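Hi,

Here is the model I promised to pass on. Could you load it and read my notes alongside?

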Amino acid sequence: MKYPTARFVFDRKHTASKTTKGTVQIEILFERKRKWISTGVRLYSDQWSEKNKVKNTVQSIDLNERLDAQIQNINEFINSLIKNKEPFNFEKLEHFLKYSQQKESFLDFIKRRVSERTDLRKGTLNTHATLINSLEEFGRIVYFSDITTANIMYYDDFLHKKYNKQTTVHGYCRY
């Protein structure tokens, strides 16, 4: 089986100069197809070196650590595929990147915040628990990135199908 290679590419579109910043991306090359992943790092032309990566800036150590962590994350994914003898495809990479960047899910965040609060009364705690159970049952809003207008509308439809009264639906949406 063949597996991809990953490397840094600076200023792929040739826009960087001493006054304009260019992007640092990770290039994934697999069977003559390329995918570029943004690292979120933008630099001037004199701040990049193929050998040392980020240079000539106060943040060079932090930015290099950030870049190293991103490419290491991708290489670990590729190595896990090799170890498990699974074939590579770009869809698997997309899925991995989408969910590996999620540090804490939205539901975990709510649970953690409710448990941290010591000033909540029993009724409020029950209300929050009901909301969490409802979101888990709905299943479409798990991560912060899932909080979209479309998913909120689906959640509203879900609540309307489950409960007859608008006041109940309004209460869930308010929480």
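Predicted model: local features only at pLDDT ≥ 70, side-chain atom pairs only at ≥ 80, totals over all residues.

Residues are numbered from 1 along each chain as its sequence is written, and side-chain values use heavy atoms, with hydrogens and water left out.

**The sheet**

Helices (H or I, at least four residues) and strands (E, at least two) are DSSP runs numbered from the N terminus. Three strands make an open sheet in the order 1-2-3, with antiparallel pairing; two strands pair if DSSP finds at least two bridges between them. Strand 1 (5-10) and strand 3 (33-43) are the edge strands, each with a single partner strand, so one side of each has no neighbour in the sheet. On average, neighbouring strands are turned by 25° against each other, direction ignored.

Strand 1 is joined to strand 2 (residues 22-30) by 6 bridges, and Arg7 has Glu27 in strand 2 as its bridge partner. Strand 2 and strand 3 pair, again antiparallel, over 9 bridges, with Gly22 opposite Leu43 in strand 3. These two strands form a hairpin with 2 residues between them, and Glu31 in the turn has a positive phi of about 50°.

**Helix 3 on helix 4**

For the packing numbers, axes are lines fitted to C-alpha atoms (for helices, over the stretch in contact), and angles run from 0 to 180 degrees between N-to-C directions. Helix 3 (residues 106-116) packs with helix 4 (residues 122-138) at about 170°, the axes being 11 Å apart. That makes helix 3 roughly antiparallel to helix 4; angles under 35 degrees count as roughly parallel, over 145 as roughly antiparallel, 65 to 115 as roughly perpendicular and the rest as oblique.

Which residues make the contact? From helix 3 they are Phe106, Leu107, Ile110, Lys111 and Val114, and from helix 4 they are Leu125, His128, Ile132, Leu135 and Glu136. Contact here means heavy atoms within 4.5 Å. By class, there are 7 nonpolar, 1 polar and 2 charged residues (Ala, Val, Leu, Ile, Met, Phe, Trp, Tyr, Cys and Pro count as nonpolar, Asp, Glu, Lys and Arg as charged, and the others, Gly among them, as polar).

Phe106, Leu107, Ile110 and Val114 are the buried residues of helix 3, where buried means under 20% relative accessible area, exposed over 50%, and partly exposed in between (1.4 Å probe, protein chains only). Down the helix axis they fall within an arc of 105°, so they line one face of helix 3; the arc is that of the directions from the helix axis to the C-beta atoms. Those buried residues pack against helix 4.

Helix 4 meets helix 5 at about 105°, with axes 11 Å apart, which makes the two roughly perpendicular. Helix 4 brings Leu131, Ser134, Leu135, Glu137 and Phe138 to the contact, and helix 5 brings Asn151, Tyr154, Tyr155, Phe158, Leu159 and Lys162. That contact has 7 nonpolar, 2 polar and 2 charged residues.

In helix 6 (residues 166-174), Val169, Gly171 and Tyr172 are buried. Their arc is 155°, so they line one face of helix 6, while Thr167 and Arg174 on the other side are exposed. Helix 4 and helix 5 (149-162) are included in what covers the buried residues of helix 6.

Cheers
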